[in-house]
Amino acid sequence: MSEIIGIFVAWPYANGDLHLGHVAGAYLPPDIFARYHRLRGHRVLMVSGSDSHGTPITVKAAELGTSPREVFEYYHRRFLDNWQRLGISFDLFTHTDTENHHAVAQELFRTLYQKGYIYTNTMTQLYCEQDARFLPDRYVEGTCPHCGYPNARGDQCDNCGRTLDAVDLQDPRCKLCGQRPILRESVHFFFDLPAFERRLLEYIARQEHWRPNVQNFVRNYLVDGLKPRPVSRDLDWGIPLPVESYEGKVMYVWFEAVIGYLSASVEWAHNRGTPDAWKTWWYDPQARGYYFIGKDNIPFHAIIWPAELMGYDEALNLPYDIPANEFLNLEGEKFSTSRNWAIWLPEYLDRYPPDPLRYYLTVIAPETRDSDFTWQGFVERNNNELVATWGNLVHRVISFAYRRWGGGGCLPPTRLTGGTTSCGVALKPGSSALVPCTGAHSSRPPCGRPCSSREMLTGTWTRRPRGSRSRRTRRPQPLPFSWPCGPLTP
């Protein structure tokens, strides 16, 4: 029976190139998952896109002396090129600055506001007197109040993973000028998370199939109870609030970026000329949504996004599973963009083929705990496993087929599930019969009749010299072509 599988992949900030930690954590796993379910004949929708808004983009633009739009468009194009070269099979990879996303995000905000789940309140913010502006969270750095990490951001600590409020940082400093900001009050919009606490607890209690690291993270997050979260920011780059008299304020990126899973599904359906097709993945009770993210994004996908969906339309499907990965380290140290301690994906793809990387990141995937990328491990896994073991198997199968069937490209019959053979023979779905080869090439055995299992097993055999094990082996035959890549050297 065909299943309905929604694969929703984390949206990368379009403020810099991707590194291998991103690939291992959130982008290669969903591609493997999508390919598996497509092969099984399931209905799969895999979407994501560039996160075009928020302070990471504006901070990068300020550093480069350019506009936020130019920054996000530049990196969005690089993301698209990376996915094509790495073989990531998105059905749609879009971005959050489309008219479609603006419309869907504003509609969701407006509905939550009308229902009373979003309200206004005064909040205390950090204000930089030297730059004469309120400082969004990413414009503030300081010491984490939980673990003491000295370079925590205003929204999150990269060391302990806790989400933060910029005003809670110890010894805060402005990222732009380095001065210590002061506290001032400003009116903002808040999302009433406590209103969903009971429903969220019931929802999370049913997710026994979630990974232990996700369950533990969510439980720890809920220990102290949920608090209202601001959903607006004083910025000129972002999605404007759909409320009059609040010009100069935009939606907080954490609130609107997760809406991209829904808006991208809508955009995909419109692009296909079937405007209502997205509803299959969002309203059909049999559909399952899988959210592939890094562990630092667990609260946004396990708590905040389900609450947004509950408040907007209770009929919408909530996340079925959130297979969040742990972190991938590099030679024993955490990937760090600030210290340039990373292997950047574009640079890798300029030097090496994608398959060795896909294989190595798959076998060391940080599914249950942090794992470590080493160049020595990369070379050894490729040479000893991908080339020597798997490559040897493929070499033997293809050379046998080439030798026994005349090099015409028609492989032995098999049990197939539909489609056509390389000779153009149509196959019935679910067929269990042997399929005759009907190609016009020079054939052995002759085309036009089924190949028997006996013919498939005959060949020229040799025995080992006397005194060795009496196991028959085939003479190795070189293939009339070469592999696109071979062993790697450090």
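A: Lys295 and Glu326 form a salt bridge in this predicted model, with the closest N and O atoms 3.0 Å apart. The pair links distant parts of the chain, the two residues being 31 residues apart. Lys295 sits in the loop between strand S13 (288-292) and helix H10 (298-312), while Glu326 belongs to the loop between H10 and strand S14 (328-330). With a relative accessible area of 11%, Glu326 is under the 20% limit and therefore counts as buried.

The count of salt bridges in the model comes to 21. Side chains of opposite charge can pair when their charged atoms come close. Another case is Asp31 with Arg35, where the closest N and O atoms are 2.8 Å apart. Both residues belong to helix H1 (residues 20-39). Because they are 4 residues apart in that helix, about one helical turn separates them.

Asp155 is buried, with a relative accessible area of 17%, and Arg153 is buried at 17% relative accessibility.

Strand S6 (residues 140-143) is joined to S7 by 2 bridges, and the two strands run antiparallel. The sheet is open and has 3 strands in the order S7-S6-S8, with antiparallel pairing. Strand S7 (152-153) and strand S8 (170-174) are the edge strands, each of them pairing on one side only. Strands of a sheet pair through backbone hydrogen bonds, either parallel or antiparallel.

The structure holds 4 cavities of 30 Å³ or more, and the largest cavity has a volume of about 70 Å³. Residues that line the largest cavity include Met123, Thr124, Gln125 and Leu126, and also Leu135, Pro136 and Asp137. Asp165, Ala166, Val167 and Arg233 are lining residues of the largest cavity too. S4 gives the most to this lining, with 4 residues. By class, the lining of the largest cavity divides into 6 nonpolar, 2 polar and 3 charged residues.

The largest share of the lining comes from H6, with 3 residues. The space in the second largest pocket amounts to about 850 Å³. Its lining has 31 residues, and those nearest the centre are Thr163, Leu164, Tyr221, Lys227 and Arg229. In this lining 15 residues are nonpolar, 7 are polar and 9 are charged.

Methods
Residues numbered from 1 in each chain as written. Predicted model: local features only at pLDDT ≥ 70, side-chain atom pairs only at ≥ 80, totals over all residues. Heavy atoms only, no water. 1 Å grid on protein atoms, 1.4 Å probe; cavity = no way out; pocket = protein on both sides within 12 Å on 5 of 7 lines; lining within 4 Å. Points joined across faces, edges and corners; volume = space filled by probe spheres on them. Nonpolar A, V, L, I, M, F, W, Y, C, P; charged D, E, K, R; others polar. Pairing = 2+ DSSP bridges. Salt bridge = Lys/Arg side-chain N within 4 Å of Asp/Glu carboxyl O. Buried < 20%, exposed > 50% of the residue type's maximum accessible area, 1.4 Å probe, protein only.
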